[in-house]
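Student: I've got a model open here and I'd like to go through it with you piece by piece. Could you take me through it?

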Amino acid sequence: MKILFSMALAFLAFGANAQDMKLKDYDWTLTDIARKGYNKDDLFENMDTKFVRPKSSICSNRAHMWAQDFKARNGLDTGKIFLFYTKKKSSVGSKTWWYHVAPIVNENQKLWVMDPGFPGFVDEALSITDWAKTFTDSTNCKEIRATDTDLIERMFITQVFPQYTSHGYHECYYMVAPHTIWTPESLAMSLSGKNDKGEPVHFSRPRIDKDEYYQACVEATTSKIGFAFGGKKDKCKSLANRLDW
């Protein structure tokens, strides 16, 4: 009886902090995975790295697929974290990137980045600070807010960000967005209401767009050789058609 009582207390203590989290600049809420009975370690371990190609696929495409998996398989509204580089190179070999992106989840009011795209380099969920340091060798990252219009406009340029701006000196920048946002361009449009030409656009992504998911799926699952022979197009089309509208 004493054991059962202790277990009940432990369960109550664990669930006490479970609370959904609203994003700062979006009408979007991140499900607390603990409230749903999940934890970051098990979710990370079960992320699909067989159908979705790690390393050789584009990060925004595999992140889009993993985000939809969290929604379809686990019923979770998650987020994505976009990391923008300056002149500092990525710490993954000698690669030079201008951005990187991965899914992010809320567990007991703490955000964890879920990035299994580099097996052997990242093998667990990481805090935002640890994830950014892993990929940039720096902790001097600025969080972008919706009011930082100069930084948001740079998302259209597809080049590294400056280290010196009106916001001070930073070696990287990041922003957390809804899991429905696919690329830096769509992130910028969702925040600014403009396209890369400065023209007003109505951009709304209350759920993952079916066409965007299909494009992401084809690239994230198919090699160049496979693409020439049709690759995983049929399966991707089937998955896209299953999206719950």
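Student: Which strands pair with E4, and in what sense?

Tutor: Strand E4 (residues 99-107) pairs with strand E5 (residues 110-113) in the antiparallel sense, over four bridges. Pairing here requires at least two bridges between two strands as found by DSSP, and the elements are DSSP runs numbered from the N terminus, with helices (H or I) of at least four residues and strands (E) of at least two. Bear in mind that this is a predicted model, in which local features need pLDDT of at least 70 and side-chain atom pairs count only at pLDDT 80 or more, while totals for chains, interfaces and linings use all residues. Residues are numbered from 1 along each chain as its sequence is written, and side-chain values use heavy atoms, with hydrogens and water left out.

Student: What happens at the turn of that hairpin, and what stands opposite Lys110?

Tutor: The hairpin of E4 and E5 has two residues between the strands, and Asn108 takes a positive phi near 50 degrees there. Opposite Lys110 in E5 stands Glu107.

Student: Ok, switching to cysteines: how many disulfides are there?

Tutor: Searching the whole structure gives two disulfides, where a disulfide is a pair of cysteine sulfur atoms within 2.5 Å. One joins Cys141 to Cys172, with an S to S distance of 1.7 Å. This pair links distant parts of the chain, 31 residues apart, with Cys141 in strand E6 (residues 141-143) and Cys172 in strand E9 (residues 172-178). The link of Cys141 and Cys172 is left-handed, with -85 degrees about the S-S bond.

Student: And what about Cys217 and Cys236?

Tutor: Cys217 and Cys236 form a disulfide with their sulfur atoms 2.1 Å apart. That pair too links distant parts of the chain, Cys217 being in helix H7 (residues 210-221) and Cys236 in helix H9 (residues 233-241), 19 residues apart. The torsion about the S-S bond of Cys217 and Cys236 is about -75 degrees, so this disulfide is left-handed. With the bonded cysteines numbered in sequence order, the pairing reads 1-2, 3-4.

Student: Are Cys217 and Cys236 buried or exposed?

Tutor: Both Cys217 and Cys236 are buried, which is to say under 20% relative accessible area, with exposed meaning over 50% and partly exposed in between (1.4 Å probe, protein chains only). Cys141 and Cys172 are buried as well.

Student: Where is Pro116, and why does it count as buried?

Tutor: Pro116 is in the loop between E5 and helix H4 (128-136), and it counts as buried because its relative accessible area is 6%. Among the residues it touches, not counting those up to four places away in sequence, are Phe44, Met47 and Trp66.

Student: Last one: which residues lie nearest the centre of the largest pocket?

Tutor: Gln68, Asp69, Lys71, Ala72 and Leu243 lie nearest its centre, out of 23 lining residues. The largest share of that lining, six residues, comes from H3, which spans 59-74.

Definitions and conventions: Contact = heavy atoms within 4.5 Å. 1 Å grid on protein atoms, 1.4 Å probe; cavity = no way out; pocket = protein on both sides within 12 Å on 5 of 7 lines; lining within 4 Å.
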